[in-house]
Structures are given as C-alpha cells and as structure tokens.
Amino acid sequence: MKRVDDFRLRLGSHELVPIVTGGMGVDISTSALAVEAARLGGIGHISDAMIHTVTDREYHTHYVKDRLRQYKSNVGNLDKSVAQFDLGLLAEATKLYIGTTMEAKRGPGLIFVNCMEKLTMNAPRETLRVRLRSAMDAGIDGITLAAGLHLGSFALIQDHPRFRDVKLGIIVSSLRALQLFLKKNARSERLPDYVVVEGPLAGGHLGFGDDWAQYDLVSIFSEIRDWLRAEKLDIPLIPAGGIFTGSDAVNMLELGASAVQVATRFTVTRECGLPDEVKQKYFEATEELIEVNRISPTGYPMRMLRNCPAVDAGTRPNCEAFGYLLDATGHCTYAESYERERLRLGEGQKIKVHDKTCLCTQMRNYDCWTCGQLTWRLKETSRRGEDGKYQLLTVEHVFRDYQYSTDGKIELPQAD
Ligand SMILES: Cc1cc2nc3c(=O)[nH]c(=O)nc-3n(C[C@H](O)[C@H](O)[C@H](O)COP(=O)(O)O)c2cc1C
C-alpha cells in the first residue's frame with residue numbers, strides 16, 4: 001500500500017514532499033503555517049491578500065490608519081476612485097511581509113505566495129504589477145496566480161531579473177482556462193512551472209458557476225493530464241479540493257499528479273491565523289451549514305459556513321481604509337448594495353444586505369468563514385475535550401498524517 005511519502009515532487013532542482021498547503025487569505029495561511037510546511041519538506045503558501053492589514057497586525061505598521069486618514073473626506077461618496085493605493089507603500093508592505101517570512105524559512109521546502117487577480121485594488125494592473133514584482137524582490141520561491149484568469153500577468157514581470165528563476169504557477173478549474181492562459185502567454189516563452197487544478201470542493205472562491213456540483217476533480221484533472229501529454233507539455237499538475245486523507249492524495253498521485261494542494265485540514269492547526277473560537281466553529285460545522293453563495297463582491301461563487309457573521313450583515317463599506325475590491329473605476333458591488341438598502345430603508349434604520357458582503361471588513365475581522373466542502377469532516381481529525389472543545393492540531397501533525405497515512409486513516413493527535 002503506497003503512502004504519499006513514496007512520491008516526490010520535482011520542481012527544477014528541488015525534490016520535495018508532494019504536499020502543498022494552499023493559500024488562504026486573509027492571513028489564514030499565515031507565515032508560521034507556510035514556514036512549517038517548508039520545514040517539513042513541502043511547499044507552504046502565504047497569501048498577499050489585504051497585505052496592509054496583515055503587516056499592521058504582525059509588525060505594528062499603520063498603513064490602514066494612515067490610508068483612512070488620507071481619504072476620510074470621501075467616506076460618504078459612493079465613487080471611491082480617489083482612494084488609490086500608494087504603490088510605494090504597497091511595495092514596502094509586500095517586501096516587509098514576504099521578506100520576513102523568507103528569513104524565517106528553515107529546511108528543504110519552499111514558500112510560495114498566492115496572488116489573487118480579483119483583488120483589484122482600484123487599479124488592477126498597476127497594483128498587481130507591484131505585488132508580483134515586490135514578492136520577487138523579497139526573495140519568494142514561487143508565485144501562484146489565483147482567482148482570475150491572469151492572462152496578462154506574466155507580461156507584468158517578464159523583465160524582472162528573477163522571471164526565470166522564481167517558480168510561477170496558475171490555478172485553473174478547466175482545460176479551457178489552461179489553454180487560454182498558455183495561448184495568451186506564449187509570447188513570454190515561459191511555461192508555468194506547475195498548474196494547480198482546483199476542483200469544485202475547494203475552499204474560497206470557486207472557478208465554477210452555480211453548476212459547480214456537476215463537476216468533479218478527477219475528471220477535470222484527467223482531461224488536463226491527457227491533453228498535456230498529447231501536446232508533449234511536461235508541466236507538473238497539482239490537484240486541489242476535497243483531498244482529505246493521505247489515501248485521497250495517493251489516489252491523485254497514482255493518477256499522475258505531481259503533488260496535491262490541501263487547505264481545509266490546516267484550518268484547525270495552531271499555526272492557522274483564524275481565532276481559536278472560529279477554529280471551533282470549523283470543527284463543529286455540519287454539512288448543512290456549508291454553502292456556496294454569491295455574496296462575494298468579486299462575482300465568483302464562494303463557499304462558506306452560513307452561520308458566519310458575514311452573511312446578511314449590514315457593515316458600512318470601509319473602502320477608504322481597505323478598498324481591496326474596488327474595480328478599475330473605484331466601485332465595489334457591496335458598496336452599491338449597501339447604498340441601495342440605505343436609500344430604501346431611510347435614515348436611522350438598521351441596514352442588512354442580503355445579496356453581497358463587505359469582504360474586506362469581514363475578512364479582516366475573521367467574520368467570513370470561507371471553507372472547503374469537507375470542513376464538516378474536521379471533527380474526525382481531533383479529540384473533543386470534556387469542555388466540548390476540540391483539541392487544536394499542529395501543522396506538523398496534519399502534514400505528517402497526509403505524508404504517512406494509509407487505508408483512508410486519520411491519525412488523532414496525542415491527548416493534551
Ligand atoms: C479557509 C480557506 C480559505 C481559502 N482562501 C483562498 C485564497 O485566498 N486564495 C486561493 O487561491 N485559494 C484559497 N483557498 C483554496 C485553497 O488554497 C485550496 O486550493 C483548496 O481549498 C484545497 O482544497 P481543500 O480545502 O479541500 O483541501 C482557501 C481555502 C480555504 C479552506
């Protein structure tokens with residue numbers, strides 16, 4: 001019976017344990033989580049989502065406060081186009097966060113950053129350019145281009161000195177998306193170093209429509225694998241979404257995957273950035289509480305626990321402080337929904353917005369409990385104390401369980 005440890009991921013000169021911890025914004029996949037995954041010989045992802053908020057919390061900078069002060073006079077205005085991000089400060093925060101993470105890296109693994117294209121930041125192209133280049137300047141091992149098609153992203157960095165050295169990967173949920181990407185990027189004469197194939201059971205935003213349940217990871221993965229073979233393209237494939245045990249991972253590796261990307265199991269580790277009480281909510285989740293809805297202002301379907309505070313909330317938009325989801329014209333669909341409800345209800349009424357959520361504020365407060373479809377199985381992975389609380393795990397425990405387990409078994413932690 002094979003174990004994940006019988007396989008290795010080869011990326012250039014690196015030989016790695018084929019386990020990748022997925023990017024989870026905002027600061028759910030922390031530096032500490034990624035550093036552990038790398039120490040154990042795999043790949044750990046951090047995320048650059050809401051970078052200023054993250055550095056303010058971790059390194060006591062005050063980017064968010066300063067930004068709010070600068071744009072305070074615009075708070076009542078629905079047009080947020082004046083609330084631009086200072087590209088110099090964006091570069092500074094990115095370098096601080098990624099540079100410090102890379103300094104903490106130990107052991108044979110690698111640390112990648114997850115970059116979501118849909119974090120449009122009031123100037124999609126310019127801000128993405130700075131995010132990618134600053135990550136490269138700060139010594140990141142790899143960049144995974146996520147949430148969006150990223151058709152022009154390679155062009156933003158192809159004159160960077162590390163363009164051919166840093167590992168570059170994309171996340172796709174269909175063969176068509178991959179073909180489109182390869183066609184658009186042909187001029188850069190550089191293939192992605194890996195492709196994450198994300199199926200419909202993944203956490204966070206989904207690359208599917210409302211018919212997501214009609215798709216399955218193995219079929220999409222097999223279609224992409226066969227096409228790459230037919231085209232004689234040797235690009236490592238990394239499936240993701242619903243790979244819950246070491247045996248699920250072995251199954252994918254035997255089908256030709258080079259590694260697996262996993263996230264949900266790590267949301268209940270000590271190193272994960274969610275507050276402890278939220279980790280308990282993840283443990284307690286039932287299948288009925290997990291839904292895919294349309295409340296993300298990005299326009300993508302998103303999976304979350306529907307008992308989270310972000311659902312049906314009426315938070316006043318705070319784009320002057322955050323503003324990560326403002327499109328190229330300074331608009332966010334949540335701000336528009338909020339304004340609609342405000343006008344409908346009149347002054348002094350408690351506002352509730354059903355169709356969208358203020359993703360910036362909710363993610364910043366860990367109130368949007370985005371999750372993978374198999375979150376309801378997390379209770380199988382730990383012990384419950386007499387006080388009703390589940391014991392938190394460590395990244396090392398979960399990582400090793402993926403690496404060594406067989407027969408669909410899940411190793412419980414030593415009792416506290
Ligand atoms: C809580 C949570 C947050 C996530 N956030 C992001 C994100 O910010 N960007 C992204 O590309 N993927 C995100 N994902 C997807 C994961 O990186 C990963 O590909 C996927 O969830 C793996 O499936 P699994 O959770 O079933 O193991 C998130 C997943 C979870 C569980």
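Colleague: Let's start with strand β6: which residues point one way from the strand, opposite to I143 and L145?

Modeller: Happy to, and keep in mind that this is a predicted model. I143 and L145 share one side of β6, and the residues of both sides are buried. The other side holds G142, T144 and A146.

Colleague: How many residues of β6 are buried?

Modeller: β6 spans residues 142-146 and is mostly covered. Counting as buried takes 20 or more other C-beta atoms within 10 Å of a residue's own. In β6, the number of residues that are buried is five of five.

Colleague: Nice. Which residue of β7 stands opposite T144?

Modeller: β7 covers residues 167-172 and runs parallel to β6, with four bridges joining them. T144 also has N114 opposite it, and β5, residues 110-116, pairs with β6 in the parallel sense over five bridges. In β7, the residue opposite T144 is G169.

Colleague: And which helix makes a β-α-β unit with β5 and β6?

Modeller: The two strands are parallel partners. Together with the helix they make a right-handed unit. That helix, residues 124-137, is α5.

Colleague: Now the ligand: which elements give two or more residues to the shell around it?

Modeller: The ligand is surrounded by 30 residues, and A146 is among the closest, along with G22, G203, G204 and G372. The elements giving two or more residues to that shell are β5 and β11 (260-262).

Colleague: Last one: how many charged residues does the shell around the ligand have?

Modeller: By class, 15 residues of the shell are nonpolar and 14 are polar. The charged count is one.

Note on methods:
Residues are numbered from 1 along each chain as its sequence is written. This is a predicted model: local features need pLDDT of at least 70, side-chain atom pairs count only at pLDDT 80 or more; totals for chains, interfaces and linings use all residues. A residue is buried if 20 or more other C-beta atoms lie within 10 Å of its own, exposed if 12 or fewer, and partly exposed in between; C-beta atoms are placed from the backbone. Two strands pair if DSSP finds at least two bridges between them. A crossover is right-handed if, with the strands pointing away from the viewer, the path from the first strand over the helix to the second runs clockwise. A residue is near a molecule or strand if its C-beta atom, placed from the backbone, lies within 6 Å of it. Ala, Val, Leu, Ile, Met, Phe, Trp, Tyr, Cys and Pro count as nonpolar, Asp, Glu, Lys and Arg as charged, and the others, Gly among them, as polar.
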